[in-house]
Amino acid sequence: MIDLDDTDRDLLRALSRDATTSAGALGRRFGLSQPAAWRRIKRLEAAGIIAGRRVAVDRAALGFGVTVFLGIKLATKGRVSLEDFERAVTAIPEVQVVQHVLGLFDYRLRVVARDIADFERVLRRRIMTLPGVGQVEANVLLTEEALPGPLG
Amino acid sequence: MLIDDADRRILRHLLADSDLANADLAARAGVTPATCWRRVERMRAAGIIAVPVAVINWRALGYEVEVSLRFNLDKTEPRAFDEFLAAARDVPEVIAIETFLGRVDVRLNVIARDMAQYQQIYRTRILTLPHIADIEALMLIATIKDESALPL
């Protein structure tokens, strides 16, 4: 793990808002030369702190009006059934996120669908038929926002 | 704005790997680099794709704990949502906020360096948020899948 100074944190905050900002522009904003800004960004990438880039899309404009988070409890447990479940659930195209969690549920899924009828199809044909699936709780996403996090 | 098959192919590859340079994206989507560039810019101007943002790997920064906190709010208070969300935005360790229709009203993603720090954040910053009726916690063990891909 590397130590960050205030300038690194400024760079991270700026790049987590817009990853296309050039090293020159970032340098001017934070009082660095272009090569110095570039070196710092490369260092953050090499240390795995910048894990990549992500593009957000207007899902509704593309016809995906519904996002649902599912909490899933497995009915049967054991190493084999976890692996079977994970392999099957990650293969579902409508499932964007699969997280193994500890608590009320065993897994958290983020599912996209065109509308509620489409979601019902995914739920019945794909989710409820997963190996070992037990109790399922659904919450329809209304709003989401990402925050900069503890960057000083 | 209408999306055609070429746009859809570009989006599919862009969402699968947002680090792709324009030339590689064009090759994968089967269009010329100039067409690819123009179409990405057109979709960006129409608000269908947002600017790419850097993904921060909090674990690489020493944040080993991630907890999904699910809240029910006191709905007898008309300002409960607004006041809760405004206060939650002020907690630096909250990296995402989602609101739902369902059994859960709001979800916060909270990160901490270790369990001791999590405990401290939970007691001093989370339990003190306004209008909480109930809280459930899911501790993240592993992220099995995390993609922004849509089944376009």
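**A tour of chains A and B**

Begin by selecting both chains: 54 residues of chain A are in contact with 54 residues of chain B, where contact requires the C-beta atoms, placed from the backbone, to lie within 7 Å. The model is predicted; local features need pLDDT of at least 70, side-chain atom pairs count only at pLDDT 80 or more, and totals for chains, interfaces and linings use all residues. Residues are numbered from 1 along each chain as its sequence is written, while chains are lettered from A and ligands numbered from 1 in the order in which they are written.

Next, select the side of chain A that touches chain B. The elements giving two or more residues to this side include α1 (6–15), α4 (79–90) and β5 (133–146) of chain A; helices (H or I, at least four residues) and strands (E, at least two) are DSSP runs, numbered from the N terminus. The largest share, 10 residues, comes from β5(A).

Now display β1(A) with strand β1 (residues 53–56) of chain B. These strands pair in the antiparallel sense over 4 bridges; pairing requires that DSSP finds at least two bridges between two strands. Select Arg53(A) to find its bridge partner in β1(B), Ala54(B).

Finally, move to helix α2 (residues 22–29) and helix α3 (residues 33–45) of chain B, which pack at an angle of about 100° with their axes 8 Å apart. Axes are lines fitted to C-alpha atoms, for helices over the stretch in contact, and angles run from 0 to 180 degrees between N-to-C directions. α2(B) and α3(B) are therefore roughly perpendicular, a term for angles of 65 to 115 degrees. Among the residues that meet here are Leu25(B) in α2(B) and Trp37(B) in α3(B).

Key
Angles under 35 degrees count as roughly parallel, over 145 as roughly antiparallel, 65 to 115 as roughly perpendicular and the rest as oblique. Two residues are in contact if their C-beta atoms, placed from the backbone, lie within 7 Å.
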